Amino acid sequence: MILFDVDDFKRINGSYGHLFGDKVLVRIVQTVQEEIRNSDVLARYGGDEFIILVPNSSLESVHHLIERIRQKIERLVFRERQAEIKITISAGVASMQSHINTPTKLVQEADNALYNAKQAGKNRAAYAPRVDLK
């Protein structure tokens, strides 16, 4: 599972308004939908946070997916009030394993990883610790 949000989204809404913020969110969703498989699920978790469920995937393939998404979003340019605005996202990745065995725990672990990505400088993905390595 990938949990991601838009870096500094409150600043974007505050500077350019909620209608512009909504345009940003719509474009981000379109960008993500271009990259995910039919079997993957994209859902808005709240505000500017989104979840992507990526079933039957290796950690390596999920890493490549979130990096493709992150880089595509980083290249987007929005124009508002004679300004060019660049957007970035941060993401947390977690997978089901012995100590992450409920949907609630999965979201908590992804959220902790997202927090770590923000603390590490934003515009990146961080991963929940893996215990069940195979």
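**Figure 1. Salt bridges across the predicted model.** A search of the whole structure turns up twelve salt bridges, each being a side-chain nitrogen of Lys or Arg within 4 Å of a carboxyl oxygen of Asp or Glu. Side chains of opposite charge can pair when their charged atoms come close. Before you zoom in, note that this is a predicted model, where local features need pLDDT of at least 70, side-chain atom pairs count only at pLDDT 80 or more, and totals for chains, interfaces and linings use all residues. Residues are numbered from 1 along each chain as its sequence is written, and side-chain values use heavy atoms, with hydrogens and water left out.

**Figure 2. Asp-7 meets Lys-118.** Here the two side chains form a salt bridge, at 2.6 Å from N to O. The pair links distant parts of the chain, 111 residues apart: Asp-7 sits in the loop between strand E1 (2-6) and helix H1 (9-16), while Lys-118 belongs to helix H4 (residues 103-119). Helices (H or I, at least four residues) and strands (E, at least two) are DSSP runs, numbered from the N terminus. Asp-7 counts as buried because its relative accessibility is 3%; buried means under 20% relative accessible area, exposed over 50%, and partly exposed in between (1.4 Å probe, protein chains only).

**Figure 3. Asp-5 and its surroundings.** Asp-5 lies in strand E1 and is buried, with a relative accessible area of 11%. Not counting residues up to four places away in sequence, Asp-5 touches Asp-48, Glu-49, Thr-88, Ile-89, Ser-90, Leu-114 and Lys-118, where contact means heavy atoms within 4.5 Å.

**Figure 4. Arg-27 on helix H2.** Arg-27 is found in helix H2 (residues 18-35) and counts as partly exposed, since its relative accessibility is 26%. Its side chain meets that of Glu-34 in a salt bridge of 3.9 Å, N to O. Glu-34 is also partly exposed, at 48% relative accessibility. Leaving aside neighbours within four places in sequence, Arg-27 is in contact with Glu-34, Leu-76 and Phe-78. From C-alpha to C-alpha, Arg-27 and Ile-73 are 8.8 Å apart in space, and 46 residues apart in sequence.

Figure 5. The side chains of Asp-40 and Arg-37 join in a salt bridge of 2.6 Å, N to O. Asp-40 is buried, with a relative accessible area of 8%, whereas Arg-37 is partly exposed at 36% relative accessibility. Elsewhere, salt bridges that share partners tie Arg-27, Glu-34, Glu-35, Arg-68 and Lys-72 into one network.

Figure 6. Strands E2 (residues 41-46) and E3 (residues 49-53) run antiparallel and are joined by five bridges; two strands pair if DSSP finds at least two bridges between them. Arg-44 stands opposite Phe-50 in E3. Two residues lie between the strands, and Gly-47 takes a positive phi near 55°.

**Figure 7. The largest pocket.** Its volume is about 240 Å³, that is, the space filled by probe spheres set on grid points joined across faces, edges and corners. Of the 15 lining residues, Met-1, Val-54, Ser-57, Ala-94 and Ser-95 are the closest to the centre. On a 1 Å grid over the protein atoms alone, a pocket is an open set of points where a 1.4 Å probe fits, with protein on both sides within 12 Å along at least five of seven lines, and lining residues have an atom within 4 Å of a point.
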